[in-house]
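Work through the exercises below with the structure in view. Try each task before reading its solution.

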Amino acid sequence: MPVRVLLVDDEPLVRAGLRAVLGAQPDIEVAGEAADGAAVIPLVRQLRPDVVAMDVRMPLLDGIEATRALLRTVAEPPKILVVTTFENDEYVYEALRAGADGFLLKRARPAEIVHAVRLIAEGESLLFPASVRQLAAEYGEGRGNRAVRAELERARLTEREAEVLRLMARGLSNAEIAARLVVGTETVKSHVSAVLAKLGARDRTQAVITAYESGFVAPG
């Protein structure tokens, strides 16, 4: 089954470009389009996309609030890929904190766009880990770190789970973590699932942000 993508951006040219790039792939299908975040929830319910590629800044409902509303309202929400003009942007970090799974620059090359959608859909690796680390270093400081640290302590991660979280924060995929720890990929998947469950994280991006904001992993 192809990865179904919903495009949400108030610029028609951006949507057209994404549709042309993604629609040319045999394993990706553009399921629909919207010009504002306000249309996301009804379209997600109607089209059931696997990934929503959404602009972070839109006139009626921006990507941050649309992400929050989507995750709050839809029982089994799709993956959310924030599309942005600027990489080092507090809006991007807020979208990731709100529950977005990753972000993509509008100036990205076609191959990077396709790779981002596939990676987000698979959910087994962190998209642009160095950029997430940079965002955490710049905007994660002072974000209630004490409360986040207490949350991480309450999770009571095992030594192996903590090790897996550190490797996730470095951007390693499940296969790469398995090779590093000399275990099977299914074992790594079990550890990742346990980490997400204990942290109450929607995905590895949210778990990694928690790791950075708590000071468990240094973002620098």
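Helices (H or I, at least four residues) and strands (E, at least two) are DSSP runs, numbered from the N terminus. This is a predicted model, where local features need pLDDT of at least 70, side-chain atom pairs count only at pLDDT 80 or more, and totals for chains, interfaces and linings use all residues. Residues are numbered from 1 along each chain as its sequence is written, and side-chain values use heavy atoms, with hydrogens and water left out.

**Exercise 1.** Find the salt bridge between Glu124 and Lys189 and say which parts it ties together.

Step 1. A salt bridge is a side-chain nitrogen of Lys or Arg within 4 Å of a carboxyl oxygen of Asp or Glu.
Step 2. Glu124 and Lys189 meet at 3.4 Å, N to O.
Step 3. Glu124 is in the loop between helix 5 (110–122) and helix 6 (129–139), and Lys189 is in helix 10, so the pair ties together parts 65 residues apart in sequence.
Step 4. Lys189 is partly exposed, at 31% relative accessibility.

**Exercise 2.** Which salt bridge does Glu186 form?

Step 1. Glu186 pairs with Lys189, with the closest N and O atoms 3.6 Å apart.
Step 2. The two are 3 residues apart in helix 10, so about one helical turn separates them.

Notes
Buried < 20%, exposed > 50% of the residue type's maximum accessible area, 1.4 Å probe, protein only.
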